[in-house]
Every structure is written in structure tokens, then in C-alpha cells.
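These are my notebook entries on a structure I looked through. The sequence and the model come first, then what I looked up.

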Amino acid sequence: MNCELLATCSALGCLEGDTYHKEPDCLESVKDLIRFLRHEDETREVRQQLGDAQILQNDLLPLLVQHASDAQLFDAIIRLLVNLTQPALLCFGKVPQVPGERHHFLQITSHLQAYKEAFASEKVFGVLSEKLYDLLQLDWEQRQEEDALLIERILLLVRNVLHVPAEPTEEKSVDDDASAHDRVLWAVHLSGMDDLLQFLACATSEAQWALHVLEVIALMLRDQTPEQLAATGQPRIAAQQDEDARELEALRQREMVERRSRLRQRGTRHSRFGGSYIIQGLKSIGDRDVVFHKGLHNVCHYSSDLGKPGARVPRHRQPPPDPTPRRRSARNVRLFLRGFCEDFLRSGFNRLMALVKEQLGRARAEDHDETFYLWALSFFLGFSRARGFRAELVSEALSVSAFHAVEQQLRFCYEMMLIDKPQIPAWARRMHLALKAYQELLLSLQEMDRAPDPAVRHGSHVLKNNIFYVLEFRELFLTLFRKFNAAQQPRAFLRDLAGATHLFLRLLEHFCRQRRSLVVQNKKQRRRKKPRARLTPASPSPAELDALWPRLEAQLQVCAQELPKEVPVPFDAAAETPVEEQRAQALAQIQTGLVAGDAPRALALLRASREVWPEGDVFGVPNASLDDEIQLLQQILSAPLPRPAEAEAEEPEGGEDEEEDEDEELEAVRVSEKEFSFQDYFKRFACVPVLRAYGLLLRDYERNGPRTNHYVARMLQRLARGLGMPGLLCQLSLFSTFRRLLHDPAAPQVSAPNALWVPWLEQGAGTLESLWPLCLSSHPPVLQGLPCPLSSLGEGGQMLLCSLPDDDVIGHILSHLPGPARTRKQVVKQLVQLGLAHSAHDFPPPRKGTNIVLWTEEQELELQRLFEEFQGTDDILGNILRHLTARRSRARVMDKLLSLGLVSERKELYKKRRRKPGPGLDESPQDVTVAGHQEDEDEEGNMGEEEEEEEEEEGRMEAEVGELVPAGEAPELAQSLQQDGLTGPLLWLMTCLRRTATDRQQARLAQPVPLVPLSEENEDAMEEPRFQRLLRALGLRPPASEQESFWRIPAALSPLQLRQAATSIARGDTRGPDPAEEEEAVGDMEQQAQAMRTLQLAQSKQLAPGATSSSPEQSPGSDSEREDPGPSQPRPKRRRWLDSEEEDDPDSPAAEPAWGDPREQEPAPGRRKHLHIEDEDED
């Protein structure tokens, strides 16, 4: 222990026998300890050292008991005890995950459990009770601020002691044995502290302690259940005894069945001589059948997964554990708590709940204090029902406001689960607590219906009428089922949800039967529609304007003096529109008025605009005559001005009716009333989330309990038989559970009565073959349509959903729907209106690609045959995909080839792209060009087929993306990129385009050329979205597959198109080439061809004399040499490096030129040749 801390603790005093002698500096030492705790570090080292030294047990509590008369010392000790006993969670903020910090957390928790053992003393609580009683005897005029603080600290100390968690492994106590918590409660009872809590709950002058009292009561009863506590001291009735006997018999039957199965699995022979067997038809790792080394009685349980570790589920996907079962307290403690609860219900429940609700509503409470309110609703309503329901004792909880508060808390907890991800378990527990409170409210309503007092029954009727009227209360359980997440919420939440839903449906159905019609609230959220742009009316032709002008001129002559008084002001000084645009709009409005035949209004608008804009004489001279105005109006009528409709169409806020848009903004939700139909409401439970949740509950029927299994069976029966939808239960998971039920001897007792299962099983057995295709589908419209005719679809559409071949319900309806053609959206909207679907989200758009997953034996043989056939080709995978009978994706086929062992790695299936060699000596340029184009067309065709397959199967991007972006955007994109500092990448792109154009012009062979950025600046530019858009506008294509990494210049682009693309980047012009540009391009091509001829002649000067013999076509006087190869017939390009120290061999084929002049002489022997025959544009 720290020296200062040790000296401080030594100055407190000493204990001799049962007497504690305090030191003179005892008060200062207690204050020093408080100061040490206030300045402790994150590891809470001071708190741990005090716990290890047992200062609380040996010094503080004896001081508190024996020196309670010293007011200052008593107040200081209470402050220190409140600090020492505060929960470890408050010390650290949260449960630490770091091992070191978690060790400190567990150490402090163990000290708190030791403190709780020390507080289980009647003397300690006796002193606290006496001091609290003396403080409460003071009137509010005599009570000082220090007295109020001391009352609060005593309540906090009791709260902290009761809050300490139990440690079952350390206590090792069984039911009806007194634990540490029970001993503390018994000390509270003997000291009279429980009576003081009752007084604080019902006293009108002590309303400020309402939340503290409720928290202490909640901690006192945390290990109790209302049913078990209410039954304490009561004789067990025959029904309870029979139920226990049935459960015991069920367990005995299950144990006997398991024992028989184990006996059957034992063979008559010894395990070493059990034999080995071959399972025919089941292949092992190789091509042979599986060898089974166990007895024949275990063959049915054989699986390839035996002995393998199960799939590891991530921690965030593991279902949270259910709450641990509560241990039953000692009988005397339970009797004391039962009496306490009865007295609390009679005296203080209604008042305390009203005070707590008021403080929560006015935000006077701390965070999460509403959980104590929800717990009190759940516990005391259940206790009241179990002890003989009396509505007047719990009248404060039986109100619409209580239902509303719990419903809002449920929705708030769900929203916080979406927002506060790290605290999902805590919010899930609070949500479960709110659900249990809501369930108890519904159970209390049911008890009110059974009450003999007609006033109570009338009150229940009024409550149900108000609850069933509100939409949020009716939609609550559907929302909870749809939002249930098995990885975040425990199964106990789902059990309580099923019970609350069952009760709510029963109450609602019974309430609807009592009345002929039920009018409920209906809310429809109006979504603000996007304003549609007005269609611009067609501009009248000049002939129509000429025919219209005489009539307008006559109107102007007549009404020149009597113009309309109300003329819109053409200028708005407060508008953000520039003055020039407002002047153009005024001209357009004048033209619109003339076209509409409203000549007086157009003339009045002209004069008003002249007053606003007198400069420039746009609207005429200031003192213009009528004839001048008429002439000006005629010019405006025939002028090509933008119409006002176009300007309105461009505005995103413009709509057809501005007043209607304002109403939609003010009234986002429209509330109306409609007649309620229970059958239509219950149909909404026939959906996938609800069925999935009940399937999860049914899977755990052994741990559910009779009531929960009854709720599940009842819901499934009502869905299958009440709604006539047995297809809903046609799920493989449910069939597996039904099989377990039928083979479980304890199922009739553990689950539900056989009367709920057998009728559906008998009905489903006859139609199992017809319902089997639906086992792989859980689409609600499909399952709704199977068992009953859909007469609401109208003529010709009653049985459309009964014979759906796949999951594309809407597509099948559209293909069979008679009458005019309808869109997919119209059909979905009609299904939602008819109640056949909940929302449009139930019909997702069909996915592209194939849904085939399994490979049959015939398909595997076909794949092997195709692989052997195309094994020597350049594109093995592409040829196989084109010839496969069942279309599959490239990834599926590649994986299957690997699994069959036909290839060892994926690289063997990649397409082999070979570089095409230059033309030979015996090929003419025309032949080479045709062959090159033919190969390019074949390659592009193959690539097009592969891209088409990838688009259909994997939804990838097309290879040629240039068509997706208009070419006219290239200048604007280049200009914006240049303004952003990307001039270097633009110059690099222009150089690549021009160099590729030159290469293709000379070689006459077009191949896709990749754009390889070598600098970091160019590489960053290639990842810029706007730069990629520029590449698409120029006709370049992105990487077509995973095998490509760079953008490519397609082979289809000609040299002229590439030069135009480079020019569009440089000049910002993508229009077609004018004749001057074409002549310039042709001139450049001729100059480059002449330079190529000069380079070839320089090469031929170094050739050997033996190479001078050539064909007549290459003689000096031949026409082929004298003929100037124009730009339309360039010579093929050759790249060749010759670097040798040896003498040239005249007979070597490497020394034979492709083009040359036989008159040239051989170079000197021994001369080193270093030639790079290549023509590149270095610009």
C-alpha cells in the first residue's frame, strides 16, 4: 500500500474486540481518503488498495455504527462509503476489453462483493434507518440543504449495496438458500428500512426522491418473478401439480428413448470386429466408393462432415445468450417481499408511477432511468394479476398515455440499436424490457374484460377502442417482427414477442366481433413529387406567323389606348436572376403573348419593359409612336427567342401547381379514417419475416415452454387454415422441425396439443408433391396465391400466381396478363393496392445472369469433352462457354475445371494473345492489310462475344464504352481538366494518340494499344473520374476483364480519327474535319512516307553484293520502285536491332533486306552494325 495511504488509514483508529477507538484525526483522515479517491488514476489503484486492506469492513462500518452521534464524522463516512461502493461500471465507464484493465475491473467487482457481505448486518442498516427517520421527521422549513444531501446519500448507499452483482460460483447456494443479496434484504427488513421506502413512495412532500425509491425497489426485487413471488405461501393447486407431473413424465420419456437408441447403436460384435463396408454410389476423395468402418446401424447417420470442426461464426453474428435463470430466494425473504409488494400496491404505486412519469417527461431524470419505469410496469402489473387483479390499484398504468410511452420507448431503442453500434446488447435489453411492459399492459386489459364490475369492463372497452384506433399501435408488432435480428436480440425477446402478438390478435379479433364495424385511423405519407418539366410547345412556322400577324395588327390598332391595367412587372430587384436574363425573359413573355393572341397585354408589357430598360433601344425609343411599336412587335414575333416554357422546364422547383407543392410541404402525412377489416389486417402477417421468426421459435420447442409453443402452433394454424395458405408452411426448415416433432416422444407434452398439428399435417400430406417446388421459394405473393384463387385480380388473372415457374412473379404476370400492355411498376402498384403485397420492396427486379448452381453428371461429361476438344486453342474458356448447353458464368466454369483436375491453375485458361508478325516478302501490302483487318475483326468478334457473356452473367461493363459519353463533351472536359492543372497528362494523351496514328498509318496493322502511365502524375490522372470520362468521349475503352489493367486504344479507330481526337484535346474542337485539315493530314502522311523511303534506301546501302539479286519486281527500273507510295498504300513497318562484332555473313538470312536497292555496295568487313530500323514520332 502507498505510504501516505497507509498512514491515513492508520490514523482512523483501531478495533479492540467489538469496540472501535477512533483517533483524534479520524475526521481529517476520512476526508483525506475522499481526496485520494477523487484524484485516483485510470487503474483505480487507491480503490483497490483500500479493498485489499479491508478498510470498509474493519474501520468504516464500526465507526459508522459506534460513532453515529458525531454528525460531521457520520456525514464524512457516508460520503466515503458512497464513493467506495459505487458500481465498477461507473468507475470505468464500460466493461474493459483490454486484459490489464479488465483485471482491475474484476478486482474491484470482487471487493464490492466483499463489501456487500459486510453490509448484511442489522446494526448497519439500523443506524442508517434511524438517521433517515430523524431526517424525514423534519419539516421542509426546518430541513437544511445538508439534510437533503444526507438523505440522498443514504439512498444512494443502499442503492449501491443492492446493486452489487452476485457471484454464484463463489456463493455456491441453491434454491431456498439465503444468498448475500437475501441476507442484505433481511437486514433491510429487520431495520425497518422497507417501511421508510414505503413512506417516501407515498408522501406528498418527498416527491423529489421518487426515482431513487423506484430504483431501490427494483434492485430489491431483481431476483424475483411476479408469478413466483405471488404464489409464495399459497398451497399448490391441482393444475400446477399436474403440469409438473407432465413435465417430469416428458423428461422421463425422452430419456428412455435416448437410452433405447444408444442400445440399438451397439453392435452384437466387439468394436474391433465390426467389419468394413462399401457405400455404393457415394464417392470418396478418389474415384472409388466410400469405405465405412463402423457398424451397419450407424450407416444412416453417416456424413462427410463427421469429425470436422464446425464453421466458426463471427462474434458479431453469434446470437446473444438468453438471460440466466433466476435463483429462488429463501422462503422468509420471499414472504417479506410479497408483503412489501402488496403494501406498495395499496399505498404508493399509483402516486410513485405518476411522479416518475412526470419527471421523465420533463427531462429531470438521468440517462436510462426510464428502464426502472418500464420494469415497474412489467413487475407490478404481473404481481397484481397473480394476486387477484384489482384495477383501482394499478389505475395509473392502465391508460393510453402508458401505452404510448412504452410504444415510443420500443421505437427509440430500435433506432438507437441502428445508431449506437457498440452498445447494441444494452439497447436490446432495454427493448426487451419495454416489450415485456407492453405485454403486461395487454394482459391487464384482458383481466379487465373478465372483471365482474361493469365499470371496469367499460374502461377496458374504452382503452381498447382508443388503442385499436391508432395506426402506430396496430403496426407495432408487424414492425417488431420485420426488424427482428437474431444476431442482436435474444430468443427470449422473440418468445415474449410471440406471446404479445398472440394476445393482441385475440383482443383485436374479439373486439371486432363485438361490433359490426370498426373505424380506425389511417395515415398516408404524401411524398412530394418531383415537378415535371413542361413540354415546350412547338414553335409556329413562319407561314403561321404571317397568317397570325394581320389579326394581331388589327387588335393593336383598336386597343392601343385601352390597355389592361394589371400588367406583370418585368423586373424584380430582389430576384437573384441577372438583369440581362430578366430582359431576355421579358422579350420571351412578349413573344408568348403575341403567339397566344393577347396583343394588348404584349403591348402593355413592351411599354413597361421600355420604362425599365430605356438604354439600347431594345424595346424601342422612349417616345416611340404606335406604328413604331407595332413594327417592333412584328420583329419580336418573328425573332427566334427562347420560349417561357423552356425556362420553366429548366427550373427544378417549377411545378404545375405551386400552391399544391406548398400544401404538400406543410402536410407531409395525411390522416384519414377507414373501416377496419381484421382479415385484411391478419393477411399482413403472412410474410417472410414473420414466418422466419416463428420458424426459429419452433426450432427451439424443447426450451420454449408450453405457452410459447402454443402461440407458435396457433399462429401457423391460422396462417395455413384460417387464411387458406398452407403453401406458407412449405419450407424445408419447417419440414425438418416437423420431423423432429413427430419422432419426439415428449413433443405432445412439451409443444402444443396434437389437435393443432395433425389437421395441418393431414392437409399438407396430400398436397406435398404439388407444394414441393415452393420449398425453395419464400416469396409472399407466390405463397399467398397457391392455396386460394386470387379473385381480386379480375378476369383472366385469378390463377396467375398459382402456376409461377420461378421467382420472377411480376415477369410471369406480365407475360400472361390479358388486355393492354402494362409496365412492371403498374402491376406492382396494383398488387399492393389489392393487399396481395405489403410494399413494392417485396418484388425486387430480376437479377441478371444464371441461377444454375449444381452440375449434373451429363454436364460434367460435356465439359470434359469440350475441354479436350478446345485444349489446343488460344481461347479455351471462351470456346467452351460458346458451346456449353447450360449457360454459366466464366467463374463457375473455371472453378469446375479446377475441381475436376483438368487444369492446375487459372493461368492455363487465360486467353493467349499473340503478336501478329509483319508481312513476308511474298505478301503485298494489300494482302497484309486485308489479313490484318480480318484478324482484327475475328478478334473483336470474339471479344464482343465474351463481353456479351460477361454482361449477361456478371453484369460487368461493356468493353466499348465510348458510346456512353457524347463525343461533344471532349473539348469541355479537356478544358476543365486543363484548368485543374492536368496539362501534363493531357499532353501525354495527345502524344500517345498521334504516335498510335502514325504507327497504324505506316504498318497498316491495327491492334489495341494500351495506355501505360509511367509517371505518377499520369497514373493519378488515369484514376480521375473526369479524365476517364474524357477517355470514353474519345472512344477509348477501359479494361474489359480482370486480365487487363490499362485503358486501350481500340483497333477500330483509324489514324485520321486518332488525329482528330488529339486535335479535339488541343484545340477544344470535336467537329468534323474541314477540307484544310484533311489536306494537312494528307500532306503529313506523304512526308512521313517519303521519310520512310529515305530510311530504307540508307539501309540498303550496307547490304552485301550477294543480296543484290532480287526479283524483277524489285529491279532498279521497275515501276514499283519509281512509283511513289501515297498515303493510301504505306509500306509495312519493321523494327530490327543488329549488333554484332563479327563479320557479316552474306548468306545469312538476317542480312537479307526486306526492301533495298541492288545497286548498293556491301559495307567493309569487320564493321560493327548497330541499326534500329524504326520510325517514331518523338513530338
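Is C26 buried or exposed? I found C26 buried, because its relative accessibility is 2%. Buried means under 20% relative accessible area, exposed over 50%, and partly exposed in between (1.4 Å probe, protein chains only).

I noted that this is a predicted model, where local features need pLDDT of at least 70, side-chain atom pairs count only at pLDDT 80 or more, and totals for chains, interfaces and linings use all residues. Residues are numbered from 1 along each chain as its sequence is written, and side-chain values use heavy atoms, with hydrogens and water left out.

Cysteines: I looked up C341 too, and C341 is buried at 0% relative accessibility. How many disulfides are there in the whole structure? The search finds zero, a disulfide being a pair of cysteine sulfur atoms within 2.5 Å.

Strands are DSSP runs of E, at least two residues, and helices are runs of H or I, at least four, numbered from the N terminus. Two strands pair if DSSP finds at least two bridges between them. C14 has H21 in strand 2 as its bridge partner. Two residues sit between the strands of this hairpin, and G17 takes a positive phi near 70°.

Helix 20: I found H432 in this helix, residues 424-450. H432 is buried, with a relative accessible area of 9%. Leaving aside residues up to four places away in sequence, H432 touches A492, F493 and D496; contact means heavy atoms within 4.5 Å.
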